[in-house]
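Let us walk through a protein model together, one feature at a time. Keep the sequence beside you as you read.

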Amino acid sequence: MKNDIPLHALRAFESSARHLNFTKAGLELYVSQAAVSQQVRLLEEKLGITLFKRIPRGLEMTDEARMLFASITDEFQKIEKAYRRFEGGSVKESLTLSCVGTFALGWLLPKIEKFRNLHPSVEINIQTNNNVVNVAGEGIDFAIRYGSGNWIQTHNQLLINAPLTVLCRPDTAKRLRNPSDIAGENLLRSYRADEWDSWFSAANVNPVRANGPVFDSSRLIIDAVILTGGIALVPDVMFYHEISRGLIVRPFDIYAGNDGYWLTWQRTRKMTQTMQIFQEWIQGEIDH
C-alpha cells in the first residue's frame with residue numbers, strides 16, 4: 001500500500017545512525033553495506049529529506065536525521081525488548097537493579113547464578129551506581145544502596161548491617177599495635193567526611209585528619225589499599241574473599257556507624273510479581 005510505513009528502511013536508518021557507518025550497520029543487520037545504503041535512500045525518497053552527509057570517515061547525520069533518530073530509537077528498543085520476552089517459546093520477564101558496586105562484587109554477583117537457575121524466565125539487568133540513584137526517573141525496579149535507610153521517597157528494606165572497620169595489608173598491620181598508631185598512616189577516605197571521626201570516637205582516641213585520596217566506592221578503596229599499603233575504613237562484610245586470602249586484615253576489633261545495605265524501591269509504585277520474586281530470593285539468601 002502507498003502509505004505503508006517502511007519498517008525495514010527505518011531499521012536500516014536507525015542502525016546506520018548509531019554506527020554512522022553503513023558497513024557496520026550491515027554487519028549488525030546481517031545484510032550487505034549496499035542493501036543498507038539502498039534502504040536509507042528509499043527512506044529519504046519517501047520522506048523527501050536528506051538523512052546523511054557522506055564524509056571520508058563515515059556518515060554525518062543531518063538535523064532532520066537527528067530528530068528522526070531521537071524519535072524512533074527508543075521505540076525500536078521497546079520492540080526488541082518485547083520480542084526478547086517471548087523468544088525461545090517461553091515468556092521472559094526483566095528486572096532492572098541498580099546496585100552500589102561494592103555490594104555487587106562483594107555479595108550479589110557470586111550468588112546471581114543461583115537466582116538464574118531458580119528463575120530462568122527472569123532476566124536481571126544490573127547497573128552499578130555510586131549510591132546516588134533516581135529510582136523513579138531512571139526506570140529502575142530496585143536499587144541497593146548503602147546508608148542509614150533514611151530515604152523518604154522509597155521503601156527501604158534492610159538487607160545487611162555493615163558498620164565500618166579498619167582494613168589494611170598484613171605488612172601495614174604489623175606497625176599497628178594500638179588504634180592511635182594509625183595517626184601516621186595514609187588514611188583513605190570515602191566522600192562521607194565524618195566516617196573517620198566516627199571510628200576515632202569508637203576507638204576512644206584523639207582524631208587525626210585523614211589526608212588520603214577520596215573515593216566514591218569502598219571497592220576502590222580496598223583496591224587502593226592492596227596497591228599502596230594505605231588504610232581503609234570500610235564495611236568488612238563485603239570483603240570476605242580478600243580477607244580469607246590474606247590480602248587484607250582487620251587489625252582492631254573496633255566498628256563504627258550503624259549503616260547497612262538496603263533494598264529500595266519507589267513508594268508510589270505497585271510491586272510486580274517479578275519484583276516480589278527477587279525480593280523474596282535476596283532476603284532468603286541473606287537469612288541463610
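Here we look at a pocket and then at some salt bridges.

This is a predicted model, where local features need pLDDT of at least 70 and side-chain atom pairs count only at pLDDT 80 or more, while totals for chains, interfaces and linings use all residues. Residues are numbered from 1 along each chain as its sequence is written, and side-chain values use heavy atoms, with hydrogens and water left out.

Let us begin with empty space. Rolling a probe the size of a water molecule over the atoms shows where such space is left. On a 1 Å grid over the protein atoms alone, a pocket is an open set of points where a 1.4 Å probe fits, with protein on both sides within 12 Å along at least five of seven lines. The largest pocket has a volume of about 260 Å³, a volume being the space filled by probe spheres set on the points.

Which residues lie nearest the centre of the largest pocket? They are Y146, Y191, D216, S217 and S218, out of 19 lining residues (those with an atom within 4 Å of a point). Helix 5 (101-108) and helix 9 (218-228) are the elements that give two or more residues to this lining; helices here are DSSP runs of H or I with at least four residues, numbered from the N terminus. By class, the lining has eight nonpolar, eight polar and three charged residues, with Asp, Glu, Lys and Arg counting as charged.

Now for the salt bridges. A salt bridge is a side-chain nitrogen of Lys or Arg within 4 Å of a carboxyl oxygen of Asp or Glu, and the count comes to 13.

Find R18 and E14, whose side chains meet in a salt bridge at 2.8 Å, N to O. The two are four residues apart in helix 1 (residues 7-19), so about one helical turn separates them. Is E14 buried or exposed? E14 is buried, at 3% relative accessibility, whereas R18 is partly exposed at 37% (buried means under 20% relative accessible area, exposed over 50%, partly exposed in between, with a 1.4 Å probe and protein chains only).

In helix 4 (residues 63-86), R66 and D63 are three residues apart, again about one helical turn. Their salt bridge spans 3.2 Å, N to O. R66 is partly exposed at 41%, and D63 is exposed at 56%.

Finally, R169 and D171 form a salt bridge at 3.0 Å, N to O. Salt bridges that share partners also join R11, E14, R18 and E28 into one network.
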